[in-house]
Amino acid sequence: SLVFSIYILTGKDKLKEQSKRFLYAYLNKEKAENIIEIGRTARRIFKNFITGQCLEATILGALSIIGMFIFDIPYAVPIGVLIGVTALIPIVGAFIGIAIGAVLILSVEPVKVLTFIVFILILQQIEGNLIYPKVVGDSVGLPGIWVLVAVAVGGDLFGLIGMLLGLPVASVIYTLVKDNMNKRLVNKKN
């Protein structure tokens, strides 16, 4: 997969040109342009999704560091950075960050481990239900309620992959339907 992805990325301009030529060769101009526009929309949304995920992980890491300083938990900066980085891994990332952080804290101040675990679990609930839908939803142009629905339905139907890709796919569908609906409403007024 990694090698295949590298080949796609290094040859993306050629693939893009070949895809356009293929579409124009086998479809009428209107259909080809519609498919190209859908591709542009998907590309923009997926790019914004990745940017939003990184921003959300940065916010979580920063809040972890601040909270750990407030509770006087050792290794605040490295563990906060670790939590931010592991937040990029769907579902299990949070637990990886908590586990590694707990082991590090346990080696220095065992009495602070429980405080750390409770704090991070509460922070992750706040982040997952309030911050994530707002930050990532805004980045992909999807209202917060639909972010939660997309992640829940995607995860229920397709597991880990569904949780990861459910949001950008739902956003692409939402954007295409919204644009089509607006176009239809304009046409009805004329």
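Tutor: Arg40 and Glu37 sit three residues apart in helix H3, so about one helical turn separates them. This is a predicted model, where local features need pLDDT of at least 70, side-chain atom pairs count only at pLDDT 80 or more, and totals for chains, interfaces and linings use all residues. Residues are numbered from 1 along each chain as its sequence is written, and side-chain values use heavy atoms, with hydrogens and water left out.

Student: What joins the side chains of Arg40 and Glu37?

Tutor: Side chains of opposite charge can pair when their charged atoms come close. Here Arg40 and Glu37 form a salt bridge, 3.4 Å from N to O (a side-chain nitrogen of Lys or Arg within 4 Å of a carboxyl oxygen of Asp or Glu).

Student: How many salt bridges are there by this rule?

Tutor: Three. Glu33 pairs with Lys29 at 4.0 Å, N to O, and both lie in H3, four residues apart. In helix H6, Asp138 and Lys134 are also four residues apart, with their closest N and O atoms 3.0 Å apart.

Student: Now the packing: at what angle do the axes of H3 and H4 cross?

Tutor: Roughly 155°, with the axes of H3 (residues 29–70) and H4 (residues 76–86) coming within 7 Å.

Methods: Axes fitted to C-alpha atoms, helices over the stretch in contact; angles between N-to-C directions. Helix = DSSP H or I, 4+ residues; strand = E, 2+ residues; numbered from the N terminus.
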